[in-house]
Amino acid sequence: MNTTITWQTRNTPAELHPLLRELAAAYPLKENGRGGVTVSFTRSATPGMCEVRRAGNTAVIAYSTPAQAARGIGALLAGLDVAAEQTPFTSLGIMLDCSRNAVITVAHMKVWLRRLALLGYNMVMLYTEDTYELPGEPYFGYQRGRYAADELREIDAFAARLGIELIPCIQTLGHLEKILRYAAYRPVRDTAHVLLVGEEKTYALIEKMIVQWKKTCRTRRIHIGMDEAEELGRGRYMNLHGYTPGFDLFNAHLKRVTALCRKHGLEPMIWSDIYFRLGSANHEYYDKQTRIPRRVVEKIPGGVELVYWDYYHKEKEFYLDWIKRHRAMGKEPLMASGIWTWNRYWYDHAQTVATAGPCIDACRESSVRELIFTQWGDNGAYCDHDSAFAGMAWCADRAYGHETPGAARLERRFAAVCGGSYAAHLLASRMHCAVDRFHPNMWEDTIFETQVRTHAADQPAAIKRIARSYAALADRLAPCARDTATGNMRYAYCTAKAFAARYDMLADMLAAYRKGNKRALRAAARRIPDVRKAVADMAGAFRTMWLSHNKPQGMELIQHRFGMVDARYAELELRLGEFLKGRVASIAEWDEPCPP
């Protein structure tokens with residue numbers, strides 16, 4: 001049970017009143033109340049400082065900014081004694097992907113914002129390619145769960161009361177395939193993914209985007225994207241104008257969009273990868289041989305901030321090198337690390353610790369002042385994004401100076417701020433490391449099963465071992481399967497159980513088929529209904545999880561996949577029946593060996 005905290009209006013700094021009142025809607029905070037721990041606040045002259053001094057039923061929180069005051073409240077709720085914590089980051093935030101199917105509801109975003117404040121974060125980016133309302137553009141975000149302008153204003157106002165800056169994170173060059181597929185946008189289409197540079201209608205559309213976000217968010221900062229646009233100038237642009245070097249095209253486009261931002265009083269930032277890719281012979285972001293010509297650097301518009309994104313490297317030295325390369329371009333980078341949620345069913349703790357840890361260390365060592373943690377939804381956003389609060393708690397502790405965030409401390413803070421068990425969330429995270437270098441794939445064809453067969457060298461015994469690993473994980477998750485306070489543990493449990501059932505049956509089927517043992521194959525085939533039920537249980541848990549915090553649009557795409565899996569199991573049942581009755585000579589898909 002959380003500690004009850006009381007505070008007095010008269011001796012609490014006015015800047016904290018909105019924060020404390022919003023937190024009181026979900027946590028045991030009482031204004032001018034009695035009982036519990038009475039807290040007072042004092043300003044610290046040390047940047048990034050959070051210090052909690054408790055004596056019996058009174059406590060004093062020394063804070064540098066409201067973010068540190070909120071983190072101190074989180075510590076008190078958890079009953080933690082915080083001698084002193086300090087973060088070097090003036091902006092510590094997250095970026096939530098709201099473009100790959102999952103668009104978080106306004107109500108649930110408020111839950112997120114309260115938790116983020118209590119963990120010590122002070123900035124949020126909502127990544128929206130087309131998932132926002134744009135006047136006069138009915139196809140923009142159509143049936144994609146787009147945010148209405150009033151919804152964004154509500155989120156922005158709520159975040160501001162918590163001391164959190166909400167920054168628009170959009171796209172103004174690439175990653176716009178969801179609108180460019182419509183005929184209405186053919187005049188601004190270069191390729192299927194990239195806008196047509198130099199076309200006036202392109203800039204009219206971009207100006208609409210900029211104006212819309214200026215009207216909905218109070219910040220004067222805007223992330224205008226522009227990453228991974230390698231196709232720039234290679235589609236209709238080339239047909240119309242011929243070849244133009246990528247560097248020149250990109251800088252010309254950036255200059256136009258920057259001018260639009262300035263026209264409306266906004267300060268732009270972009271993902272930095274395009275410069276490194278264009279300077280690489282292999283078009284790779286992290287190519288150490290990349291060379292960006294000085295003439296290109298000199299033409300980068302002034303006032304544009306570069307966001308260095310890197311979720312992959314595990315060596316501090318690489319981050320230090322790339323930070324130095326950004327500074328050599330005359331830019332102070334905003335660092336974007338990652339809390340791993342993409343191509344995952346659950347937050348991946350091992351990958352996050354391995355990559356975000358050295359990134360934070362490099363940022364601290366090189367005095368980077370702004371750091372965000374992205375949470376992408378690639379391949380459909382079937383991850384339970386709430387499970388990532390385990391990663392947000394870990395990263396916050398690391399950013400506030402805990403070289404090795406303690407599990408016991410995090411367990412108490414997580415329970416107080418987020419609900420549920422930190423340890424259970426980390427256990428569920430083993431979904432992605434239960435078997436070394438293997439990531440399970442529920443969307444794989446149930447007859448081909450190429451991914452697991454290839455990993456197991458097409459050996460049934462090895463597939464059987466994989467199945468046992470997931471069965472063991474499911475058994476360990478079973479006691480906490482009803483916990484839905486943060487991540488939906490039933491979704492994690494049902495997912496592990498479905499993989500266990502699927503791979504166990506596959507191993508027995510392949511072994512029996514290759515031995516020509518029709519009796520054993522018939523016995524394995526009788527388990528298909530049980531496997532279909534396990535997958536259906538996972539689908540049901542997924543639906544519950546999704547609708548508890550996302551808009552309904554986008555869910556249909558994952559339900560299509562579950563439907564495909566079920567249909568292919570029905571087909572497998574028919575095919576095995578035909579084979580066992582001698583109507584077909586073989587299962588052709590199983591006769592073909594997997595590639596190494």
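**View 1. Pairing of strands β8 and β9 around Val124 and Leu166.** In this predicted model, Val124 stands opposite Leu166 of strand β9. Strands β8 (residues 123–127) and β9 run parallel and are joined by five bridges. Strand β9, which comprises residues 165–169, is mostly covered, with four of its five residues buried.

**View 2. Helix α18 along its length.** Helix α18 covers residues 489–515, and its end C-alpha atoms lie 39 Å apart. This separation agrees with the 39 Å that its 27 residues should span at 1.5 Å a residue. Of the 27 residues of α18, 19 are buried, so the helix is largely enclosed by the rest of the structure.

View 3. After the helix comes Gly516, which has a positive phi, near 70°.

**View 4. Domain 1 against domain 2.** The domain assignment of the protein chain places domain 1 at residues 5–86, domain 2 at 91–420 and domain 3 at 434–591. Taken over C-alpha atoms, the centres of domain 1 and domain 2 are separated by 32 Å. Contact between these two domains involves 23 residues of domain 1 and 23 residues of domain 2.

Terms used
Residues numbered from 1 in each chain as written. Predicted model: local features only at pLDDT ≥ 70, side-chain atom pairs only at ≥ 80, totals over all residues. Heavy atoms only, no water. Helix = DSSP H or I, 4+ residues; strand = E, 2+ residues; numbered from the N terminus. Expected span 1.5 Å × (residues − 1). Buried < 20%, exposed > 50% of the residue type's maximum accessible area, 1.4 Å probe, protein only. Pairing = 2+ DSSP bridges. Domains from an automatic or database assignment. Contact = heavy atoms within 4.5 Å.
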